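Hi there,

I'm passing this structure on to you, along with some notes on what turned up in it. Have a look at it first, and then read on.

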Amino acid sequence: MSAPVLLGLSGSLRKDATNRRLLREAARLFDAETYVEADLNLPLYDGDLEDAEGVPAAVETLADQIAAADAVVISTPEYNKGPSGVLKNALDWVSRTGSNPWADKPVAVMSAAAGRAGGERAQMVLRGFMVPFQPRILQGPEVHLANSSNEFDENGQLTSAQYTKTLQALMDKLRAEVAR
């Protein structure tokens, strides 16, 4: 098998968001030769917009990236006990493309959050959002990065041996799913 393509989806749009850092650390530990970070800065889903203009090109690009990836890693912050609206909006738009690029796709879910639970609730809700798309979501090990702004060094690598070990185990499991 050629080197797998890994796609990362961050539920945070901020350039230096800890969820983006966590995705990049996951890609490093996955040892992805090709890592693509999706752009989720999409217009809000609006049926009138879709009727008038069709599915935006940026959404089609995202759907194509999901389809082309061998595996996907999603990292979400926790906003008000759930995943970000940015992430939900992207899922809603992709569902309108006329295909299901998620079908049987290996997906790892993780979270980075300021709170002490590390986004655990957001992950639980996100997993429910993914059910209609029927991906192969890994059931663990779970990565809930708490107090996330203090968990990376100046190079963007995790400073905690425990978090690194858990993320490595999740990436090893995701790589095994790709080979399956």
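**Around S148**

Setting aside neighbours within four places in sequence, S148 is in contact with T18, A112, A113 and A114. Please keep in mind that this is a predicted model. You will find S148 in the loop between β6 (144-145) and α6 (161-179). Is S148 buried or exposed? Its relative accessibility is 4%, and buried means under 20%, so S148 counts as buried. With T18, the link is between side chains: a polar contact of 2.9 Å joins that of S148 to that of T18.

**The largest pocket**

Next, the largest pocket, which has a volume of about 260 Å³. It is lined by 20 residues, and the closest to its centre are E78, A112, A113, A114 and G115. Sorted by class, the lining has 7 nonpolar, 8 polar and 5 charged residues.

**The nonpolar cores**

The largest nonpolar core has 25 residues, and L9, L62, V72, I74, W102 and M130 are those with the most contacts inside it. At least two residues of this core come from each of β1 (5-10), α3 (57-68), β3 (71-76), α4 (85-94), β4 (106-112) and α5 (120-130). The largest share, 5 residues, is supplied by α4. Another core lies apart from this one; it has 22 residues, including L6, A71, V143 and L170.

Not counting residues up to four places away in sequence, I74 touches L9, L23, L87, W102, V107, A108, V109, M110, L126 and M130.

Enjoy exploring!

How values were computed: Residues are numbered from 1 along each chain as its sequence is written. This is a predicted model: local features need pLDDT of at least 70, side-chain atom pairs count only at pLDDT 80 or more; totals for chains, interfaces and linings use all residues. Side-chain values use heavy atoms; hydrogens and water are left out. On a 1 Å grid over the protein atoms alone, a cavity is a set of points where a 1.4 Å probe fits but cannot get out, and a pocket is an open set with protein on both sides within 12 Å along at least five of seven lines; lining residues have an atom within 4 Å of a point. Grid points are joined across faces, edges and corners, and a volume is the space filled by probe spheres set on the points. Ala, Val, Leu, Ile, Met, Phe, Trp, Tyr, Cys and Pro count as nonpolar, Asp, Glu, Lys and Arg as charged, and the others, Gly among them, as polar. Helices (H or I, at least four residues) and strands (E, at least two) are DSSP runs, numbered from the N terminus. Buried means under 20% relative accessible area, exposed over 50%, partly exposed in between (1.4 Å probe, protein chains only). A polar contact is a pair of N or O atoms within 3.5 Å; within protein, one must be able to donate a hydrogen and the other to accept it, and residues adjacent in sequence count only if both atoms are side-chain atoms. Contact means heavy atoms within 4.5 Å. A nonpolar core is a set of buried Ala, Val, Leu, Ile, Met, Phe, Trp, Tyr and Cys residues joined through side-chain atoms within 4.5 Å.
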